[in-house]
Amino acid sequence: MAASVPSADPDPFTTLCSLLRPDEIITPQSPDYEASIQTWAAQKQARPRLAIRPTSVEALAKAISYLYTTSLDFAIYGQGFSSASAKDVVVNTSAFDDFHFDPQAEVVTIGAGQTWSAVYHKLAKAAPQYGIVGARTPCVGVAGTIVSGGYSWLSSEYGCISDTENMLDAKVVKCDGSVVWASSEPELLWALRGGGGGFGVLAQVKLRVFRYPQNIWAGPILVPRERLEEVAEGIEKFLAQPVDPKITMFLYVVKGRLLQSIGTDSDMLVIHSFDANGEEHGRQAFRWALDIPGAIDQTKITTLAGVANLQDKAGIVKGTMKQFWQPLLVQEISKEIVIKAIKWFEEVQKVDESFGDCTYLIFELLSSRDPAAGSASSAWPRPKGAKHILLLGTGCPSDAGPSKEKLARDLAIEAPSKVLENSTDVHVLPNGIEDYHDPTKIWGPHVAKLQSLGVRYDPRRRFKGAVNP
């Protein structure tokens, strides 16, 4: 694709607005401006001079085609959790929220700008016996999860959202404004599957759906922090045996001050269980956790949409902190790693009291499997045998000064070496890439091909893809 000639338009904002309807233009004075540009990480907020929210593919294509020829700094924005921002224009894609279920093909065609919460609820209404490989955090957007791999409650059984058997096709607006289904350009489709973005703007995607149990046993099992040794040993033994692919789990810490409603003021370890085989099977599989003295059982029977709803408050803190990520994909989780991670989490909070509510530690166990079609089938070649995610994050309040921000960043950079037994073999997830990450630790042998495709589909590097030439 030939590079566009930069425009010499003396008033590009006026020209851009002329291509759109008034209700597609959001200025800093608009009541929905803040919600339309909010980033997850506060330090990445650039306060754009204008936000646009095209409501049709035609309007989006005209806007992208024009923006690409200008010198305006712009970013493509879905739901804000990838912290995309720009000083001039944010292109908000949240109007692309359509949904169509094809029962014969067992495929849904959905707008790429909507949240997974919306997708889960629409699928539950249209096809209540069906499941989909969608994000665990329901408030994140469809497109962002696909271009960054995307993990699901069902990933141990069905793989990543972006895997070839799950993400079938995408309607893409390219930099020149042309609109294609990516399947007509196989290398484009390959790049969209976990390639970190930067190859065009996703407007729609086609995803596979399948019949799935709707009597899922899931929810938190809270265990006193003092029982860390027993929890860590239980997890190690649990993972050392063959585990049904319909089982997965999280482990994280909740502060005691947030738990007064259940009659405790001590910190609790939360084992968030998931077993799609039902309650009897789940209680047997997680008996080791339920039997720990002091355990509080808050599990229940629910649907896939109901499981997603258990995390529906994640978006509340968006934009309230400066955040630095280390989302790691690992092969094995030992008792020692669990203990070291919890202690790391607690030590970071001691460094500065204000870091407390801005620090994250989540074990997402049994959250992956090798790609069914092989590591070369999509842009993100996951390391063979990696089954678990360890999400480490440090941060400080959004109004913290440069020194605290630097300290939080430094703590994030050193986190893998503090927690993992072999931190030299770290694999980072695409959805958490920061400027301190090495792309070869994410995309490995595919970096060169992604760079080449970036030159083809984004010759002026305006789309801000994760992998640069």
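1. Let's start inside helix α3, where the buried residues are Val57, Ala59, Leu60, Ala61, Ala63, Ile64, Tyr66, Leu67, Tyr68 and Thr69. "Buried" means under 20% relative accessible area, "exposed" means over 50%, and "partly exposed" is in between, using a 1.4 Å probe and protein chains only. Ten of the 13 residues of α3 are buried, so this helix is largely enclosed by the rest of the structure. Helices (H or I, at least four residues) and strands (E, at least two) are DSSP runs, numbered from the N terminus.

2. A word on what you are looking at: this is a predicted model, in which local features need pLDDT of at least 70 and side-chain atom pairs count only at pLDDT 80 or more, while totals for chains, interfaces and linings use all residues. Residues are numbered from 1 along each chain as its sequence is written, and side-chain values use heavy atoms, with hydrogens and water left out.

3. Back to α3, this time for its length. Helix α3 covers residues 57-69, and its end C-alpha atoms are 19 Å apart, which agrees with the 18 Å that its 13 residues should span at 1.5 Å a residue. The expected span is 1.5 Å times one less than the number of residues in the helix.

4. Now try helix α13, residues 402-419. Its 18 residues reach 26 Å from first C-alpha to last, close to the 26 Å expected. Where does α13 bend? The bend, of about 40 degrees, is at isoleucine 413, and proline 416 follows within four residues. A bend at a residue is the angle between two axes, one fitted to the seven residues ending there and one to the seven starting there.

5. What does α13 pack against? Its buried residues are Ala408, Leu411, Ala412, Ala415, Pro416 and Val419. These buried residues pack against β16 (321-330), α12 (335-351) and β18 (388-397).

6. Are the two partners buried or exposed? Lysine 322 counts as buried because its relative accessibility is 11%, whereas glutamate 405, at 22%, counts as partly exposed.

7. By this rule, the count comes to 28 salt bridges. Another of them joins arginine 49 to aspartate 88, with the closest N and O atoms 3.8 Å apart. Arginine 49 is in the loop between α2 (33-37) and β2 (50-52), and aspartate 88 is in the loop between β3 (74-77) and β4 (89-92), 39 residues apart. Arginine 49 is exposed at 52% relative accessibility, while aspartate 88 is buried at 5%. Elsewhere, Glu229, Glu233, Lys237 and Lys335 are linked in a network of salt bridges.

8. Next, zoom out to the domains, whose bounds come from an automatic or database domain assignment. The protein is divided into domain 1 (12-92), domain 2 (99-212) and domain 3 (216-441). The C-alpha centres of domains 2 and 3 lie 24 Å apart. Between these two, 29 residues of domain 2 are in contact (heavy atoms within 4.5 Å) with 37 residues of domain 3.

9. How much area is buried between domain 2 and domain 3? The value is about 2700 Å², and carbon and sulfur atoms give 61% of it. Buried area is the accessible area (1.4 Å probe) that two parts lose on being put together, summed over both. The count between domain 2 and domain 3 is four salt bridges.

10. Finally, two residues to check in the backbone. Arginine 47 has a positive phi of about 50 degrees although it is not a glycine. Arginine 47 lies in the loop between α2 and β2, and counts as partly exposed because its relative accessibility is 43%. Lysine 464, also not a glycine, has a positive phi of about 60 degrees. Lysine 464 is found in the segment after α14 (447-457), and is partly exposed at 41% relative accessibility.

Definitions and conventions: Salt bridge = Lys/Arg side-chain N within 4 Å of Asp/Glu carboxyl O.
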